[in-house]
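My notes follow the sequence and structure.

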Amino acid sequence: MNRFEGKVIIVTGAGSGLGQAATLQIAKEGAKLVLVDLNQAGLDETKKKVQEVAPNAETLLVTANVATESEVENFVNQTVEKFGKIDGFFNNAGIEGKQNLTGDYGIEEFHKVISVNLNGVFYGMKYVLKVMKEQGYGSIVNTASVGGIRGVGNQSGYAASKHGVVGLTRNSAIEYGQYGISIKAIAPGAIMTPMVEGSLRQMGGDNWEEVGKEFVKPNPMRRFGKPEEVGYLVAFLLSNEADFINAAVIPIDGGQSYKY
Ligand code: NAD
């Protein structure tokens, strides 16, 4: 498939996990890529992998903190300067934060998680939507989480931020559909990325792999998701095939969020 031939796609959190997996899928299908991350080494690794699967792919790497508005404005401006348009935006960078009860949840920690996961997603939409509205087309996929549609526990900052991402998605989708722009969110369950490894380490320390096996037992599919499975979904949602999917929040979690 070549759904992204000639298309310009921005991915935040492109240096690892779900952002990297989506980048590789989109690169294989011909996209010009703007890869954004706080972590330069992660971006370099993703670029190397892109070159392996799509040697001719044009890439722009931008080291930026999505929690800082001016840095978001800057990567959007750089995209337009280099490529002249934005077809798709995977608004994905995020952090998990510490796990503990709400009464013990640190105020600083709460603000930090909100500033990356919620403010960051808002800034991204604010600046990308200005460009897309002018163009009269575009597609945005925001990364929420199962923690944005269900109560998971021990994750006050994360839950608040991801429920916020769902709210922003629905609100802006209703506003911008008339301009030819679709906005959707994905709600991944536990997908085996460095973030989830970190989460399991918070629960089980060096015993994290055993903890992981226990953790996935209640999942209907009895396993973690794979980053590339999310990559396939994101590629579809960013492509023109998904233009009429708007304001939707799509779980990718083996069915876990529907279980009771
Ligand atoms: P990850 O830690 O592997 O990758 C996240 C990337 O985002 C990293 O490269 C990191 O450097 C970057 N990043 C973090 N803070 C940033 C900031 N302020 N500015 C720019 N870049 C920043 O994690 P992942 O599992 O790939 O997570 C990606 C997204 O998916 C996150 O929003 C996360 O909340 C969400 N998510 C993940 C899972 C899962 O199971 N892996 C489940 C639900 C939702």
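Axes are lines fitted to C-alpha atoms, for helices over the stretch in contact, and angles run from 0 to 180 degrees between N-to-C directions. Helices (H or I, at least four residues) and strands (E, at least two) are DSSP runs, numbered from the N terminus.

I noted that this is a predicted model, in which local features need pLDDT of at least 70 and side-chain atom pairs count only at pLDDT 80 or more, while totals for chains, interfaces and linings use all residues. Residues are numbered from 1 along each chain as its sequence is written.

**Helix pairs.** I looked up α6 (residues 194-204) and α7, whose axes come within 8 Å and cross at roughly 100°; the two helices are therefore roughly perpendicular to each other. Taking contact as C-beta atoms, placed from the backbone, within 7 Å, I found Glu197, Leu200, Arg201, Met203 and Gly204 of α6 meeting Trp208, Glu210, Val211, Gly212 and Phe215 of α7.

I then turned to α4 (residues 107-135) and α5 (residues 156-176), whose axes also come within 8 Å but cross at roughly 15°, so that α4 and α5 are roughly parallel to each other. Among the α4 residues that meet α5 are Phe110, Ile114 and Leu118, and the α5 residues in this contact include Tyr158, Val165 and Leu168.

**Helix α2.** Which residues of α2 are buried? With buried meaning 20 or more other C-beta atoms within 10 Å of a residue's own, exposed 12 or fewer, and partly exposed in between, C-beta atoms being placed from the backbone, I listed Gly42, Leu43, Thr46 and Val50 as the buried ones. They cover an arc of only 95° around the axis (taken from the directions from the helix axis to the C-beta atoms), which puts them on the same side of α2. These buried residues pack against α1 (17-28), β2 (32-37) and β3 (59-63), whereas the face turned away from them carries the exposed Gln40, Ala41, Lys48 and Glu52.

**Positive phi.** I recorded Arg222, not a glycine, with a positive phi of about 60°, in the loop between α7 (208-216) and α8 (227-238); Arg222 is exposed, with 10 other C-beta atoms within 10 Å. Ala247, also not a glycine, has a positive phi of about 70° and lies in the loop between α8 and β7 (249-252); with 17 C-beta neighbours inside 10 Å, Ala247 counts as partly exposed.

Note on methods
Contact = placed C-beta atoms within 7 Å. Parallel < 35°, antiparallel > 145°, perpendicular 65-115°, else oblique.
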